[in-house]
Amino acid sequence: MGQGVLAQPFVHRDGAFFCEDVPAEAVAIAAGTPTFVYSAAAIRSRYRALAQALDSCASRIHYSCKANGNRSILTLLRELGSGVDVVSGGELARALRAGFGPQDIVCGGVGKTARELREAIQAGIKLINVESLDEIVLLNEIARDLGMAAPVGLRVNPEVRIANAHAYIATGERGHKFGIPHESALGVARQALQMQHVQLVGLDMHVGSQLATLEPYRAGLARLAGLTGELRAAGAQIRYIDIGGGLPVAYNTGDPEPDLVGFGATVAPTVRDLGVELLVEPGRFFVGASGVLLTRVLYRKESGGKQYVIVDAGMNDLLRPSHYDAYHRIDAVRPTGMRVTADVVGPVCETGDFLALDREVDEVQAGDLMVVHGAGAYGYVMSSNYNARLRAAEVMVDGHRHAVVTARETYDDLMRLELEDPNWRDA
Ligand code: LLP
C-alpha cells in the first residue's frame, strides 16, 4: 500500500495552490497569515490505510496527540475509530475534552508527576506506560491511596539503533533516557508483580521517529516477544504489546510513503502468536503531510551576495528546520516559473530563525503567499510566543469547506496570565 491510497490534497491547480477544493488565497483572506492549514481528507485516508494494514491481528491505533493536539483533529480521528496516546496531564485533559473515553486512552512519558499519575488512574485509562522502578513505586502508592489498581505497561528500551535519524528523534538506543533498560526489565517486572495496586498488563517500546525502514520494529518487537514469555512465566498477564509510533512521512518530493502492508506483515504474526492486542501510537504519519503552514512574504533582500526571502512565519511557528535541521518543501502559492536560490527566514531576532537555507525556491515578491509543506506534525504544538509573537491560527479544510478551528492569538492572550498590579515589592 503506497501513495496510491493516501489522499494528496495539496496541489497547484490553474496556477494557484489548493488544499482540497479550497484555494490557499481564500484561507489567507479568511484567517490571515501565518496559518496552519489541515486537510481532513488526508487524515482520513491515512487513518483508514493504516487500520486496514493492521486488520489481520487484534490491534488498536492510539494517535499520539503530541504531534498535533488540535481539537478538530482529535475529534476527526476519534470518529474514525482511533484511540489516543497522551504524555501529560494537559494532553489527557485535551483528549477527554475531545470526547475520548477512558478505554481509548494510553499514557506515556519519562517524567510523569504524581498529579499526572493520579489523574490517569482516576480517569480509568486503558494503560499507563511506566519508565522506571521509581515511577512504579509511586504509581502503586497513589493507586493504593485511591483504593484502585493501575493498569501498567513497562516501557522497555529495546536498544535498537536507527539509521539516518536526527540524534534528537532517536529514542530507543542503549543509554537513552527513555524506558527501562532491556537487561533490567525482568527484574523490574518481578518487583511490580509483588505490588498490590499495579497490574502489569503490557509491554511497550518506541524505537524512534521518522523511521526509514521496518527493521527497528521487527527487532524491537522480537525483544518484547521474548520478554512476554519470561513475564508470563513469572506470573504476569500480558494483554498488550505497544510498539509506539515512528511511521515516517514524505517531507520532500519523491520521498517514499511508508510501506504499510509491510508494516502489518512485520508485526501481525508475532502479535497473533502471543495472543495480545497490538497498540500502535503513530503521530506524524497521520498529520505531518496533512498540513501546511501558509505564510506571506514580507520582504526580499540581498546581503553579502545572498538572496533572502523574509516571511511572516518564523522558528516560533515551525521549529523543526532550526531545531532538527529538518527539510520542509516550500512553494509559492502562485509560482511564476522563475526560481531563485535563497534563505527563507522568519522575523525572529535569531540567526537560527530559518525555514530553509540556500534553497532553490519559487521567485517571490513582498506580498506573495508561500506554503511550507509537512507542517501538520510537531508544528503548532511546538510553537511559542518568543519575541512576543502571536501563535498562528489553525484552519481545517474538508472538501470545499474551510473553517478557523483555532483563532490567532491576540495581544491580550499574551498578557492574560500577568497580574495587573503584582505588588511584588511589598510581598
Ligand atoms: N509514542 C511515543 C512514546 C513517542 O515518544 C512518540 C514521539 C510517538 C509515539 C509518536 O511518534 P511519531 O509517530 O510522531 O514519530 N518533535 C520531533 C518528534 C519527536 C517525537 C517524540 N516522540 C519532530 O518534529 O520530528
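This is a predicted model: local features need pLDDT of at least 70, side-chain atom pairs count only at pLDDT 80 or more; totals for chains, interfaces and linings use all residues.

Q: Which residues line the largest cavity?
A: The lining is made up of Val 86, Val 87, Ser 88, Gly 89, Leu 92, Cys 107, Gly 108, Lys 112, Glu 116 and Ala 120. Helix H4 (89–97) and helix H5 (114–123) are the elements that give two or more residues to that lining.

Q: And by class, what does the lining of the largest cavity have?
A: Five nonpolar, three polar and two charged residues.

Q: How many cavities of 30 Å³ or more does a search of the whole structure find?
A: Three. The second largest cavity holds about 40 Å³ of space.

Q: What lines the second largest cavity?
A: Phe 10, Phe 17, Phe 18, Cys 19, Val 22, Pro 23, Ala 24, Val 27, Val 37, Val 292, Leu 294 and Val 371. Two or more residues each come from strand S2 (16–19), strand S3 (22–23), H1 and strand S14 (291–303).

Q: Which element gives the most to the lining of the second largest cavity?
A: S2, with three residues.

Q: You mentioned H1. Which residues of helix H1 are buried?
A: H1 runs over residues 24–31, and its buried residues are Ala 24, Val 27, Ala 28 and Ala 31. They sit on the same side of H1, because the arc they cover around the axis is only 100°.

Q: Why would residues three or four places apart point the same way?
A: An α-helix has 3.6 residues a turn, so residues with that spacing point the same way.

Q: Which exposed residues does the face of H1 turned away from its buried side carry?
A: Ile 29 and Ala 30 are the exposed residues there. Just after H1 comes Gly 32, which takes a positive phi of about 75°.

Q: Which helices supply at least two residues of the lining of the largest pocket?
A: Helix H10 (284–287) and helix H11 (320–324) each do. By class, the lining of the largest pocket has eleven nonpolar, ten polar and nine charged residues.

Q: What about the second largest pocket, what volume does that have?
A: The second largest pocket has about 510 Å³. Of its 25 lining residues, Gln 210, Ala 212, Pro 248, Val 249 and Tyr 251 are the closest to the centre.

Q: And how do the residues of the lining of the second largest pocket divide?
A: Into 14 nonpolar, five polar and six charged.

Q: OK, charges next. How many salt bridges does a search of the whole structure find?
A: The count is 23. In one of them, the side chains of Arg 44 and Asp 398 meet at 2.8 Å, N to O.

Q: Where do Arg 44 and Asp 398 lie?
A: Arg 44 is in helix H2 (residues 40–53) and Asp 398 is in strand S20 (residues 393–398), so the pair ties together parts that are 354 residues apart in sequence.

Q: How does Arg 44 count for accessibility, and Asp 398?
A: Arg 44 counts as partly exposed because its relative accessibility is 21%. Asp 398 is also partly exposed, at 23%. Buried would mean under 20%.

Q: What about Arg 60 and Asp 104, how do their side chains meet?
A: In a salt bridge, 3.1 Å from N to O. This pair links distant parts of the chain, 44 residues apart: Arg 60 belongs to strand S5 (residues 59–64), and Asp 104 to the loop between H4 and strand S7 (105–107).

Q: Is that pair, Arg 60 and Asp 104, buried or exposed?
A: Arg 60 is buried, and so is Asp 104.

Q: Which residues are linked in a network of salt bridges?
A: Glu 159, Arg 174, Glu 183 and Arg 223. Within it, the side chains of Arg 174 and Glu 183 meet at 3.3 Å, N to O.

Q: Are Arg 174 and Glu 183 buried or exposed?
A: Arg 174 is exposed, and Glu 183 is exposed too.

Definitions and conventions
Residues are numbered from 1 along each chain as its sequence is written. Side-chain values use heavy atoms; hydrogens and water are left out. Buried means under 20% relative accessible area, exposed over 50%, partly exposed in between (1.4 Å probe, protein chains only). Helices (H or I, at least four residues) and strands (E, at least two) are DSSP runs, numbered from the N terminus. The arc is that of the directions from the helix axis to the C-beta atoms. Ala, Val, Leu, Ile, Met, Phe, Trp, Tyr, Cys and Pro count as nonpolar, Asp, Glu, Lys and Arg as charged, and the others, Gly among them, as polar. On a 1 Å grid over the protein atoms alone, a cavity is a set of points where a 1.4 Å probe fits but cannot get out, and a pocket is an open set with protein on both sides within 12 Å along at least five of seven lines; lining residues have an atom within 4 Å of a point. Grid points are joined across faces, edges and corners, and a volume is the space filled by probe spheres set on the points. A salt bridge is a side-chain nitrogen of Lys or Arg within 4 Å of a carboxyl oxygen of Asp or Glu.
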